[in-house]
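The following exercises are to be worked through with the sequence and the model in view. Each task is followed by a solution in steps.

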Amino acid sequence: RPFRTPQPFNDTSPDSPAITVGELAEKFQEHADGYYLKNGKRTSEPAAIRCAMKFFSDRHRDLPAAEFAIGDLKVVRQAMVDAGHCRSSVNKNIRRIRLAFRWGATEGLVPPAIPQALTLLPGLKAGRTEARESKPIQPVDDATITATVAKLSPTVRAMVELQRATGMRPDEVCQVRPVDIDRSSDVWVYRPQTHKTQHAGRERIILIGPKGQDALKPFLLRPEHEYCFRPDRHVAVPRAQKRYRIDSYRQAIERACDRAFPAPEDLEGETLKVWRKEHRWSPNRLRHTFATQARAAYGLEAAQVLLGHSRADVTQVYAERDVAKGIEAARVIG
């Protein structure tokens, strides 16, 4: 049906036009596209919201938003499960739909009782739903990393070694600049321009010990505000790209995996795809490798600092104590 300009919800004017679920979804999507930005660029959240909203049926889209109930949300959730989405993804997408209705309430588009009621639907629990479980990200063993590194260009090899030594996220290694690194102590402190929890007002520090410093030193000769890791000339990336991005970094590693672990010549089609999936690894797995080693050697608190995980219940005194532990661990393993 044609789109109507939504009128603010007013329970004292029963004749006022009621916004439909479909119209609410469109309005919230417009809001999300302009709200979820980092450094002027749209994050991945608007696309995730758009995917979640696709699970509204035609009946739901034509339903007045003020009539959307828990039973309707259950139907939407079951559609996600039937589509093969894993349990964690389903729960995240249901939270996004709840957020749309909460936003609608703050904008006067739906009565506040609607989002309040939708929060009563609990998330899917492990072992108590037919939704599949996502496979946990596994660390990469040292032998596999070593074999792959031997097939990498010098630049990507240094990126892998730096990430391997610090546990930083792939995007954090891609955006390293000399100006962002404090080298006044034996353990360097890297503060990335942007990071995952920046929107929450949290500071992100990455401690770089001797191994990471050795990997990074040759690239610190660049001008202070230039990115350390630029694509090599033979790498096919847009000319305007002045640093590796997560996708080009991952692709470089995957190609090196193919060279380090060549598939049998008789494999093709889907069989070849399965082989490559089993023998390739992505850079985010390096973070899990580091986390496993740091936690085993130095305990949970040091690992939390090195990985940049937050703890809401600690005081500033405990935070300072934990940073000291992280620095000591970085001297040895980083």
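**Exercise 1: Helix α14**

Task: State which residues of α14 are buried, and what follows for the helix.

Solution. The buried residues of α14 are Ala302, Ala303, Gln304, Val305, Leu306 and Leu307. Here, buried means under 20% relative accessible area, exposed means over 50%, and partly exposed lies in between (1.4 Å probe, protein chains only). Helices (H or I, at least four residues) and strands (E, at least two) are DSSP runs, numbered from the N terminus. Helix α14 covers residues 300-307, and six of its eight residues are buried, so the helix is largely enclosed by the rest of the structure. Directly after α14, Gly308 has a positive phi of about 80°.

The model is predicted: local features need pLDDT of at least 70, side-chain atom pairs count only at pLDDT 80 or more, and totals for chains, interfaces and linings use all residues. Residues are numbered from 1 along each chain as its sequence is written, and side-chain values use heavy atoms, with hydrogens and water left out.

**Exercise 2: Helix α8**

Task: Compare the span of α8 with its expected value, and list its buried residues.

Solution. Step one is the expected span, defined as 1.5 Å times one less than the number of residues in the helix. Helix α8 (residues 154-166) has 13 residues, and its first and last C-alpha atoms are 18 Å apart, close to the expected 18 Å. Step two is burial: Thr155, Val156, Ala158, Met159, Val160, Leu162, Gln163, Ala165 and Thr166 are buried in α8. Step three is the residue that follows: Gly167 comes after α8 with a positive phi, near 75°.

**Exercise 3: Salt bridges**

Solution. Side chains of opposite charge can pair when their charged atoms come close. A salt bridge requires a side-chain nitrogen of Lys or Arg within 4 Å of a carboxyl oxygen of Asp or Glu.

1. Arg87 is buried at 18% relative accessibility, whereas Glu133 is partly exposed at 39%.
2. Glu254 is buried, with a relative accessible area of 18%, while Arg250 is partly exposed at 28%. Through shared partners, salt bridges join Arg250, Glu254, Asp258 and Arg280 into one network.

**Exercise 4: The second largest pocket**

Task: Give the volume of the second largest pocket and the make-up of its lining.

Solution. On a 1 Å grid over the protein atoms alone, a pocket is an open set of points with protein on both sides within 12 Å along at least five of seven lines, and lining residues have an atom within 4 Å of a point. Grid points are joined across faces, edges and corners, and a volume is the space filled by probe spheres set on the points. The second largest pocket contains about 370 Å³. Its lining includes Glu254, Arg276, Lys277, Arg280 and Trp281. The elements that give two or more residues to this lining are α12 (269-279) and α13 (284-298).

Ala, Val, Leu, Ile, Met, Phe, Trp, Tyr, Cys and Pro count as nonpolar, Asp, Glu, Lys and Arg as charged, and the others, Gly among them, as polar. On this basis the lining has three nonpolar, three polar and six charged residues.

Terms used. On a 1 Å grid over the protein atoms alone, a cavity is a set of points where a 1.4 Å probe fits but cannot get out, and a pocket is an open set with protein on both sides within 12 Å along at least five of seven lines; lining residues have an atom within 4 Å of a point.
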